Structure formats: C-alpha cells, structure tokens
Amino acid sequence: MEIVDLNSDMGEGFGVYRLGDDVAIMECVSSVNVACGWHAGDPLIMQERVALAKDLAIGLGAHPGYPDLLGFGRRDLKLSPKEARAYTLYQVGALYGFARAQQIPLEHVKLHGSFYNQVAYDLTLSQAVLEGLRDFDPHLIVLAPSLSPMAKLGQEMGLRVAQEVFADRHYLDDGRLVPRSHPRAFVTDVQEALARVVRMVKDRRVQTISGQEIEICADTICVHGDNPKAVQLAMHIKEALLKNGVKIQPLRAFLKGGVH
C-alpha cells in the first residue's frame with residue numbers, strides 16, 4: 001500500500017489580514033507548514049496555528065521565506081549562501097519557540113516561494129541551508145521539489161528528505177514547476193488535478209505541459225492554502241487517494257532514514 005503525506009502552507013495572514021480558511025484546510029491534511037513572519041505570518045498567528053496542529057495531531061513544520069511581506073516572498077532576491085543559511089535558521093528558530101512552549105515537536109521545514117525555488121536548484125545555496133538545518137536538528141525532515149538537486153544533496157548528506165509534488169501546478173520537461181507567470185501554470189480543473197495526484201503517487205509519473213511523461217517521486221503533496229479552491233481541493237484529494245488505496249499519514253509516520 002502506498003503512503004503519502006498531504007501538506008499545506010498555513011498562517012499566511014498578517015495582523016488583521018487573513019489568507020485562506022486555515023482551520024478547514026488543516027482538518028483535511030496530515031502536515032502543515034507555518035509561515036514564520038517574513039513573507040507572511042506574525043507571532044499571534046504562529047502561536048494559534050501551532051496550537052491547532054497540536055490539537056489535530058498533524059505534522060508541524062516551519063515555512064521560512066524571503067523578508068518580503070509586500071511581495072509575499074515570491075519576488076527574486078539575490079542571496080549569499082551565508083544569508084540563505086541564516087535566514088532559514090532565524091525563522092525556524094522562531095517557530096520552534098512556539099512549538100517548544102506548547103510541547104509539540106517541530107518535525108519538518110519547507111522553504112517558501114522564490115526562496116524554495118532558488119535554493120532547490122542552486123547547489124551552493126542548497127548546501128548552506130541543509131547544513132544549517134542539520135546543525136540545528138539532524139532529525140528534521142526537509143521538504144524539497146521531487147528529484148531536485150536539493151533533494152538529492154539532502155539524501156547524500158544523510159538527512160530525511162520528503163520529495164514534494166504539487167496538486168495544482170503544471171510541470172516542465174525538466175521536472176520544475178511551470179512559472180506562475182505562465183498562463184498554464186495552474187491546474188484549474190479539479191478532476192484533472194485529482195487524476196494527476198493519484199497517478200503521481202501510484203505510478204510515479206506525471207505529464208508535463210508539453211505532453212511528455214516524466215518520472216516523479218511523491219512523498220508529500222502540497223495543496224496551496226492561498227488557492228481559492230484550497231479547501232475543496234484538499235477534501236477531494238484526500239477522498240481520491242483513500243478511494244485508490246493510498247494511506248495518508250504525517251511524514252514522521254513513514255519517512256525513514258536520516259542522520260544517526
């Protein structure tokens with residue numbers, strides 16, 4: 001039986017502003033990535049989302065991004081490896097404080113937006129971030145795009161790496177996501193998204209935007225919390241996976257390996 005994690009990015013409001021229905025989505029997924037205050041989120045939101053993750057017994061992860069509230073962390077910044085490592089640790093440490101205070105383990109880390117994409121495919125930045133996370137806690141699970149250089153390097157370093165696929169995004173022939181600026185970046189049809197997700201998990205294949213078939217590895221599936229149909233999509237994905245004999249569990253329950 002295949003096992004997969006279903007994750008979503010949470011806590012991406014700020015102050016009086018809220019983005020998405022976090023509570024409804026968190027009831028559908030097995031892991032959450034909580035924004036740490038730089039691209040979105042604030043201390044009160046972080047505290048609330050950590051408490052809810054504990055109540056729901058789902059996996060808690062940090063979601064560090066660029067220091068870019070206005071651009072929601074989706075604008076490109078030029079970072080040095082030293083900055084990439086420090087930015088990651090600063091934000092992970094912030095969420096860890098709330099997790100520690102509420103006696104829930106911080107289980108994983110997933111970078112956000114442009115930070116995620118830049119680090120995943122730049123090995124110099126990947127190494128800096130991965131070494132920082134290993135020094136902080138070698139048992140942390142690191143989320144990275146499926147078959148990306150970051151995923152491969154993390155595995156070589158002995159870290160637990162969860163290879164991530166996306167329910168609502170199209171892929172390029174090289175395995176990267178189609179840029180958000182492209183008119184076909186998103187999978188807008190729910191039934192198409194469901195069929196793609198099931199196939200990625202069970203057959204380890206996905207059709208790219210050009211029609212080519214490529215290999216993919218799905219340890220965890222992301223449903224973007226800022227997608228207007230996020231709640232509906234998360235519910236349907238969960239139903240489709242269970243219907244097709246796929247078990248949904250937090251990463252901690254099935255992802256083995258890591259530094260000993």
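**Exercise 1. Find which element gives the largest share of the lining of the largest pocket, and how many residues that is.**

Start with the answer: α4 supplies the largest share, six residues. Helices here are DSSP runs of H or I with at least four residues, strands are runs of E with at least two, and both are numbered from the N terminus.

Next, the space itself. The largest pocket holds about 600 Å³. A pocket is found on a 1 Å grid over the protein atoms alone, as an open set of points where a 1.4 Å probe fits, with protein on both sides within 12 Å along at least five of seven lines; lining residues have an atom within 4 Å of a point. Points are joined across faces, edges and corners, and the volume is the space filled by probe spheres set on them.

Then the lining: of its 30 residues, G113, S114, Y116, N117 and L177 are the closest to the centre. Two elements give two or more residues to this lining, α4 (113–121) and β6 (160–166).

Before going on, a word on the model: it is predicted, so local features need pLDDT of at least 70 and side-chain atom pairs count only at pLDDT 80 or more, while totals for chains, interfaces and linings use all residues. Residues are numbered from 1 along each chain as its sequence is written, and side-chain values use heavy atoms, with hydrogens and water left out.

**Exercise 2. Work out whether H112 is buried or exposed, and what its side chain reaches.**

First place H112: look in the loop between β4 (108–109) and α4.

Now accessibility. H112 counts as buried because its relative accessibility is 3%. The cut-offs are under 20% relative accessible area for buried, over 50% for exposed and partly exposed in between, with a 1.4 Å probe and protein chains only.

Last, the partners. The H112 side chain gets to the backbone oxygen of F72 at 2.8 Å. That is a polar contact (a pair of N or O atoms within 3.5 Å; within protein, one must be able to donate a hydrogen and the other to accept it, and residues adjacent in sequence count only if both atoms are side-chain atoms). Leaving out residues up to four places away in sequence, H112 touches E12, H39, H63, P64, G65, F72, G73 and R74. Touching, or contact, means heavy atoms within 4.5 Å.

**Exercise 3. Check the length of α3 and say where its buried residues lie.**

The expected span is 1.5 Å times one less than the number of residues.

Step two, list the buried set: A84, T88, Q91, V92, L95, F98 and A99. Down the axis of α3 they fall within an arc of 110°, so they line one face. The arc is that of the directions from the helix axis to the C-beta atoms. As a reminder, an α-helix has 3.6 residues a turn, so residues three or four places apart point the same way.

Step three, look at both sides. The buried residues of α3 pack against β2, α2, β3, β4, α4 and α5 (123–136), whereas K82, Y90, R100 and A101 are exposed on the other side. Just past α3, Q103 has a positive phi of about 60°.

**Exercise 4. Trace what S8 and H224 touch.**

S8 belongs to strand β1 (residues 3–10) and is buried at 0% relative accessibility. Its side chain reaches the backbone oxygen of V223 at 2.6 Å. Beyond four places in sequence, the contacts of S8 include V223, H224 and G225.

H224 is in the loop between β9 (220–223) and α8 (230–243), buried with a relative accessible area of 7%. Its side chain makes a polar contact with that of D168 (3.3 Å). Among the residues that H224 touches are S8, D9, F166 and R180.
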